[in-house]
Amino acid sequence: MLAAIVVTVAAAGAQNSARDQLARGREAWDQRLTKTAIADVQEATRDPATAAEAHELLGLIYAFKGWQQENVFPGFHDEPAYREKAIAELKAAVEADPKRFTSRQALLVAEAFAAADKIDQLPPRPLITELDARIERGRSLDIPIGELVEALQARMKAQADPTPYFAGAQVLIDRGEYNNAITLAEHGVPVAERFIQENLSAFQMEGKSDAALMRSRAQAADIIGWALFMKKDYPGADAKLGEAERLYRGADFNNQFHLAELARAQNKPDRAREHYLDALSLTAGPPAARERATEELAKLYAAGKKKRKPFKGWLDAQLTARQNERKKADLKSRLDTQLPTLELTTLDGKPYSTSSLQGKVLLLNFFASW
Amino acid sequence: MPHLKTVYAKFQNDPNVAFLLVSIDDDQKRLERYLDEMKFPFPVVHASSAEMQRAMGFNDLPSTFYVDRRGIVRYQILGFEPHGDSDARVAWYIDQLTHH
């Protein structure tokens, strides 16, 4: 009892020590409160006792901001300005304590990221930009289909990325060429896979290439689902748009908008409302589609029973709630991270390790029998 | 969760796929009764609820994670699936990770 009191008092007395500052910074960083973390850890770099550790942590935070955060939270983007800072901090950590193994490792990783950045810095070639514009012009029915096909073929030949397949499929949907759109989008998936495999080093981390592969598959599924919807094949559209939703992890404006339109056509107002709200709570999306989603929501709201608030206030509250929920879920999300070591026991009480399952695809289900 | 048994039947001969159920029951007797009834053909282990929630970041049960061959969590379903559990969907997630 007495010991506990003494400890508490000691901690209170030394509240501003560099060690405490570092601990507070680390805690903030664990919660991904990067601004607070940076401020605290910067303070701790000034004290020689904590300098090496603080420079290292600062380097890791900057490396996260510079190269990794885009992958971690939807809507975040990497901040290249932090890349040089990350390397400088990690070098300072190694200088402060040359024996510090973790700092040297972190520096090697950051330098490898920086080396990968130097690949493929060329701006798109004028030819590609021009061909993309020609495909886009093909949206207008005034342009004969033959000309569009020619532009698509030229673009496919000029560069092996999947853009002409997916952008072309969208254009074909707008022209009412649903079956051709489906075929083109389907062909886009292996093209995307090949392009990513051939350029793997351009993706700085393994997670990035996997995310890019998933996005291509999601894009194809969404386009095909939308073409099926336009053909009034609702069950087919439901399956494909649902597949895209799982691949996008529910976080794509167009896909949520398409799901909403499908639900509306199927006379499922509750589902339509959910998807329209999910769509609008995501950033991006063409202004026309956002406008339409808002109009449809207003109609659904007017037809609903509860109308205590004016529509605008209700909508704002709904969107804010959804955005907050998503932020909270993202912070806790384990997606794209290594499965941690779990302390498990068999039912007769012996320790159980998941290491026996290494190298396998694992379905891990947590449940309770109540 | 009988649907997991149905899906497992599809993958039981695939050496690259594993199912693991983690019970976070406090009541051992009730769990035993449940397992007797379900007779799951794959391993079921036990863990502390608080520790698992901290490690895996879930609030709801059941929660399911699909982990790829390199040990990276690729899909997570926290709580029941919004449109209901289905054999097809569970198999879809596994197929994504085995084929790609």
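**Cores and contacts in a predicted two-chain model**

Colleague: Which residues have the most contacts inside the largest nonpolar core?
Modeller: This is a predicted model, in which local features need pLDDT of at least 70, side-chain atom pairs count only at pLDDT 80 or more, and totals for chains, interfaces and linings use all residues. Residues are numbered from 1 along each chain as its sequence is written, and chains are lettered from A and ligands numbered from 1 in the order in which they are written. A nonpolar core is a set of buried Ala, Val, Leu, Ile, Met, Phe, Trp, Tyr and Cys residues joined through C-beta atoms within 7 Å, where buried means 20 or more other C-beta atoms within 10 Å of the residue's own, placed from the backbone. The largest has 45 residues, and those with the most contacts inside it are A:Ala169, A:Ala181, A:Ala185, A:Ile223 and A:Ala227.

Colleague: Which helix of chain A gives the most to this core?
Modeller: Helices are DSSP runs of H or I of at least four residues, and strands are runs of E of at least two, numbered from the N terminus. With nine residues, the answer is helix 11 of chain A.

Colleague: Where does this core lie?
Modeller: Domain bounds come from an automatic or database domain assignment. Both assigned domains give residues to the core, so it lies between domain 2 (120–246) and domain 3 (250–305) of chain A.

Colleague: Is A:Gln219 buried or exposed?
Modeller: A:Gln219 sits in helix 11 (residues 206–230) of chain A. Because 26 other C-beta atoms lie within 10 Å, A:Gln219 is buried.

Colleague: How many residues of chain B are in contact with chain A?
Modeller: Two residues are in contact if their C-beta atoms, placed from the backbone, lie within 7 Å. On the chain A side there are 31 such residues, and on the chain B side 42.

Colleague: Which element of chain B gives the most to the side that touches chain A?
Modeller: Several elements each supply at least two residues, including helix 2 (28–38) and helix 4 (87–99). The one that gives the most, with seven residues, is strand 1 of chain B.

Colleague: Which residue stands opposite A:Thr346?
Modeller: Two strands pair if DSSP finds at least two bridges between them. Strand 1 (residues 344–346) of chain A and strand 2 of chain B are joined by two bridges and run antiparallel. Opposite A:Thr346 stands B:Val45.

Colleague: What is the average pLDDT of chain B?
Modeller: pLDDT is the predictor's confidence in each residue, from 0 to 100. In chain B, 94% of the residues score at least 70, and the average is 88.

How values were computed:
A residue is buried if 20 or more other C-beta atoms lie within 10 Å of its own, exposed if 12 or fewer, and partly exposed in between; C-beta atoms are placed from the backbone.
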